[in-house]
Amino acid sequence: MPALLRMPGVAANVTDAILSEWQVAENTEFAAADAIATVETDKANVDIEAESAGVILKYLVAPGTTVEVGAPIALTGSPGETVSDIDEALRVLGVMAEENFVNDETSDLPASAAQAPEEAPGGSSYAGANGQRLFVTPLVRRLAAEAGLELSGIVGTGPNGRIVKRDVAALLAGASAAPASPPVAPPAEPSVPAPSVAPAAHTGYTDIPHSRMRKSIAGRLAASKQTAPHFYVRGSARVDALLALRKQLNEAGDVKISVNDLIIKAAARAHTLVPAMNVVWLDDAVRQFDSIDIAVAVASDRGLVTPVVRNVGGRGIAAIAADTRDLAQRAREGKLRQDELEGGTLSISNLGMFGTEEFSAIINPPHAAILAVGAARQEPVVVDGELAVASVLKVTLSVDHRPVDGAVAAEWMKAFLDVLQTPLQILI
């Protein structure tokens with residue numbers, strides 16, 4: 001018997017997602033656990049897996065469509081099943097056959113307008129000014145009324161000739177391009193010298209629309225600064241021994257180790273020494289973790305993402321380096337899974353490769369802290385009362401004061417800097 005495949009809840013607090021790609025063609029059978037479609041959340045691409053074997057009878061949503069969790073996205077059947085009347089099958093399941101599932105009505109509207117129940121894209125019909133029967137949605141009627149447009153005579157491009165939002169937009173675009181009526185000349189007045197006007201400033205600009213990820217980043221970080229009371233602990237370490245250790249490891253091993261890999265392991269060692277930093281803030285408790293999971297900030301064309309490296313404290317540096325490289329590569333390709341972006345108590349943001357000496361970062365909620373890492377530079381230092389030159393690395397720890405006190409953060413920073421300066425601790 002045909003059934004509806006609905007948009008699943010792919011992550012906590014996600015109310016909608018973009019169906020980016022169908023993995024199974026219509027009238028093609030699939031097995032249990034096969035990937036049927038790929039959906040895009042604010043952070044990652046997630047495959048929808050089949051709970052049991054079946055066949056896709058009809059797509060109800062086109063790729064690129066934003067779909068609310070729980071909304072139907074396809075009509076499915078049992079393996080080998082066919083349906084002669086798709087429209088009737090949809091009606092039996094409570095879905096109007098002429099419904100515009102692609103949702104082009106609301107794709108460009110604010111969430112409040114797109115989700116209003118009285119403006120759902122099911123549509124209805126009414127009589128136009130000349131008695132013509134018009135098939136439109138309530139949203140289109142409202143847009144036309146606000147713009148003072150008469151819809152009579154318009155041939156709709158939606159399903160069954162329904163007038164949809166793009167038809168109204170095209171009509172408005174045509175109206176705006178029409179030449180304006182010549183102005184009526186005012187009565188003649190005595191000639192008065194025109195005042196001098198400064199030349200207008202250059203007004204050229206390009207608006208780049210916000211992506212879902214950019215909106216998500218903006219919302220999360222704004223909320224972080226508003227709700228998490230930040231304080232900052234800064235420090236610097238001589239890292240010549242760390243750089244020498246990295247060179248030895250790369251000469252001896254098959255997996256290339258980066259400075260960032262060593263910093264991740266050093267941070268995990270500091271968490272082991274100061275477990276009070278391995279926490280997150282909850283409404284009713286401070287949760288302290290046994291495993292040390294650390295997120296690493298990765299810049300991609302889609303925006304900043306923070307995949308989480310698991311069990312950093314319990315694994316060797318080569319395994320951590322391999323994991324970090326794999327996560328960073330898939331982050332740039334937009335292929336991270338949702339679960340790879342969740343968890344952890346600390347983020348590490350390293351701008352040293354860009355030559356940045358020092359900076360402060362905003363905590364990535366719900367983490368308790370984020371470590372901002374600059375570039376290692378040759379600087380004059382005092383060693384045993386004498387002036388010398390050393391490679392110095394500057395770091396800034398941004399801390400959420402709710403779960404972590406200043407003394408705990410200072411203790412953690414002391415332990416972290418000590419690990420950087422005596423890096424054999426990283427291999428423990």
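Guide: Some terms come ahead of the residues: surface patches are made of residues with over 30% relative accessible area and no salt bridge, where like charges are joined within 9 Å and nonpolar side chains (Val, Leu, Ile, Met, Phe, Trp, Tyr) within 5 Å. Lys and Arg count as positive and Asp and Glu as negative, while His and the chain ends are not counted, and the place of a charge is taken as NZ of Lys, CZ of Arg, CG of Asp or CD of Glu. Accessible areas come from the Shrake-Rupley method with a 1.4 Å probe, and for residues only the protein chains shown count as cover.

Visitor: And what sort of model is it?

Guide: It is a predicted model, in which local features need pLDDT of at least 70 and side-chain atom pairs count only at pLDDT 80 or more, whereas totals for chains, interfaces and linings use all residues. Residues are numbered from 1 along each chain as its sequence is written, and side-chain values use heavy atoms, with hydrogens and water left out.

Visitor: Which residues gather in a patch of negative charge on the surface?

Guide: That patch consists of Glu-21, Asp-34, Asp-47 and Glu-49. Glu-21 belongs to strand 2, residues 16-22, where strands (E, at least two residues) are DSSP runs numbered from the N terminus.

Visitor: Why does Glu-21 count as partly exposed?

Guide: Because its relative accessibility is 43%, and the scheme calls a residue buried under 20% relative accessible area, exposed over 50% and partly exposed in between (1.4 Å probe, protein chains only).

Visitor: OK, salt bridges now. How many does the structure hold?

Guide: There are 11 salt bridges in the structure, each being a side-chain nitrogen of Lys or Arg within 4 Å of a carboxyl oxygen of Asp or Glu. One of them joins the side chains of Glu-358 and Arg-234, at 3.7 Å from N to O. This pair links distant parts of the chain, since Glu-358 sits in the loop between strand 18 (346-350) and strand 19 (369-373) and Arg-234 in strand 11, 124 residues apart.

Visitor: Is Glu-358 buried, exposed or something in between, and what is its relative accessible area?

Guide: Glu-358 is partly exposed, because its relative accessible area is 41%.

Visitor: What other salt bridges are worth a look?

Guide: Asp-323 and Arg-315 form one, with their closest N and O atoms 2.7 Å apart; Asp-323 is partly exposed at 28% relative accessibility, and Arg-315 is likewise partly exposed at 24%. Another pairs Lys-335 with Glu-333, where the closest N and O atoms are 3.8 Å apart. Lys-335 counts as exposed because its relative accessibility is 52%, whereas Glu-333, at 40%, is partly exposed. Salt bridges that share partners also join Asp-326, Arg-330, Arg-337, Asp-339 and Glu-340 into one network.

Visitor: Back to strand 11, then. What does the side chain of His-230 reach?

Guide: His-230 is in strand 11, residues 230-238, and its side chain reaches the backbone oxygen of Ala-228 at 2.7 Å and the backbone nitrogen of Ile-363 at 3.2 Å. Both are polar contacts, meaning a pair of N or O atoms within 3.5 Å; within protein, one must be able to donate a hydrogen and the other to accept it, and residues adjacent in sequence count only if both atoms are side-chain atoms. His-230 counts as buried because its relative accessibility is 17%.

Visitor: And where does Ile-362 sit?

Guide: Ile-362 is in the loop between strand 18 and strand 19, and its C-alpha atom is separated by 6.7 Å from that of Leu-221, although the two residues are 141 apart along the chain. Ala-361 takes part in a contact as well, its backbone oxygen being reached by the side chain of Ser-398 at 2.6 Å. Ser-398 lies in strand 21, residues 386-400, and is buried, with a relative accessible area of 0%.

Visitor: Which residues does a cis peptide bond join?

Guide: The cis peptide bond joins Pro-365 and Pro-366, with omega about 5°, and Pro-366 is in the loop between strand 18 and strand 19.

Visitor: Last topic: what about the backbone at Asn-27 and Asp-384?

Guide: Asn-27 has a positive phi of about 60° although it is not a glycine, and it is exposed, with a relative accessible area of 59%. Asp-384, also not a glycine, has a positive phi of about 55°; its place is in the loop between strand 20 (377-383) and strand 21, and at 78% relative accessibility Asp-384 counts as exposed.

Notes:
Helix = DSSP H or I, 4+ residues; strand = E, 2+ residues; numbered from the N terminus.
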